[in-house]
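Open the model in your viewer and get your selection tool ready. We will go stop by stop.

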Amino acid sequence: MAESKLSPLQWWTEELFLEEEYRDTAAVVSSAGHHRRLSLSPRVVKEKGYLDEQFCQVEDLQDEASPNFVEEVVTLFFKDSGRLMSNIEQALIGASRMKNECMSFRDSCGQGNVEGCMRSFQKVKREHAILRQKLESYFQLLRQAGPAGAATRPVM
Amino acid sequence: MAHRKMMRVLLVEDEEINRLELAQVVARAALKAAAGGGDDDLVLDEAENGAAAVQRVRDAATAAAAPYDLILMDKQMPVMDGHEATRRIRGMGVTTPIVAVSSDGLPADVEAFVAAGADDFTSKPLSKEKLGDILAKFRLA
């Protein structure tokens, strides 16, 4: 079997999906270089649930005029999804900060510390505003994700 | 030299990844039409939000450039969403077919788009087959 140089995406794909149980079905050609030619069934990839039919449709759009089309789409996907996950993570962190400020406010009240109460209450208000903004962004992202990820906008 | 007709399509979509896929689907459909003896060249314009789309349509209507033959319109976009952009385009008297392309496929969403002036609705992702149906419906292929 002739050795074939793989694109970075192909090499990554096969490294990710080749597992011990499927090695018998793969034809491995050892080479002097770091590339391997593997005969990997698309059925295997879908059966493992990593990719679905939509990925095949994206692959189908790749042609000679756009030889790196699949890789461009995948790169954009990870760039966008990484940013979205970071936004969600930051929104969740905000809830902890507001809780902490509420606890400080409660402590100051319990101590009869009026000045402390005023300071803490201002911080509570600030964290409340930040949290509201982040959660609004969070739910907007969910709505953008489509019906599967849709959520009812909370009454704030 | 045979005269080739120009097909102008406007893609209105805020997410770059979706614009990339939409553009490729439309370009492949145009190539297929050309290979099958069609006589259309494709001009593909993109807008990242509804406001930019309205401006593009306005520019096409007032300048020497030919109007768009088809507008593919997303729903959720910053600055101006697809519903409002559709309403404003129709308000300019533009009759170009507008097809909503959205992941929100609930009946209420479809009705809202139609009420705004869209001619059709299709769900994401836009496949070659769905686009073929759209082009055939509006006699663009």
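**Before you start.** This is a predicted model: local features need pLDDT of at least 70, side-chain atom pairs count only at pLDDT 80 or more, and totals for chains, interfaces and linings use all residues. Residues are numbered from 1 along each chain as its sequence is written, chains are lettered from A and ligands numbered from 1 in the order in which they are written, and side-chain values use heavy atoms, with hydrogens and water left out.

**Stop 1: the interface.** Select chain A and chain B. Look for contacts, meaning heavy atoms within 4.5 Å. Chain B brings 15 residues to the contact and chain A brings 20 residues. About 1600 Å² is buried between the two chains, and carbon and sulfur atoms give 54% of that. Buried area is the accessible area (1.4 Å probe) that two parts lose on being put together, summed over both. Now pick Ile17(B), Leu20(B) and Gln24(B). They supply 32% of the area that chain B buries against chain A, more than any other three residues.

**Stop 2: charges across the gap.** How many salt bridges does the rule find across the interface of chain B and chain A? It finds three. The rule asks for a side-chain nitrogen of Lys or Arg within 4 Å of a carboxyl oxygen of Asp or Glu. Show Asp60(A) and Lys128(B): they form a salt bridge, with the closest N and O atoms 2.3 Å apart. Next, color helix α1 (residues 16-35) of chain B (a DSSP run of H or I, at least four residues). This helix gives the most to the side of chain B that touches chain A, with seven residues.

**Stop 3: the cores.** A nonpolar core is a set of buried Ala, Val, Leu, Ile, Met, Phe, Trp, Tyr and Cys residues joined through side-chain atoms within 4.5 Å. Buried means under 20% relative accessible area (1.4 Å probe, protein chains only). The largest core has 26 residues. Select Leu70(B), one of those with the most contacts inside it. Among the residues that Leu70(B) touches are Val9(B), Val99(B) and Ile134(B). Another core, of 20 residues, lies apart from the largest one and includes Val54(B) and Met77(B).

**Stop 4: one serine.** Zoom to Ser127(B), in the loop between β5 (120-123) and α5 of chain B. Is Ser127(B) buried or exposed? Its relative accessibility is 11%, so Ser127(B) counts as buried. Its side chain reaches the backbone nitrogen of Lys130(B) at 3.1 Å. Not counting residues up to four places away in sequence, Ser127(B) touches Gln57(A) and Val25(B).

Key: Helices (H or I, at least four residues) and strands (E, at least two) are DSSP runs, numbered from the N terminus. Buried means under 20% relative accessible area, exposed over 50%, partly exposed in between (1.4 Å probe, protein chains only). A polar contact is a pair of N or O atoms within 3.5 Å; within protein, one must be able to donate a hydrogen and the other to accept it, and residues adjacent in sequence count only if both atoms are side-chain atoms.
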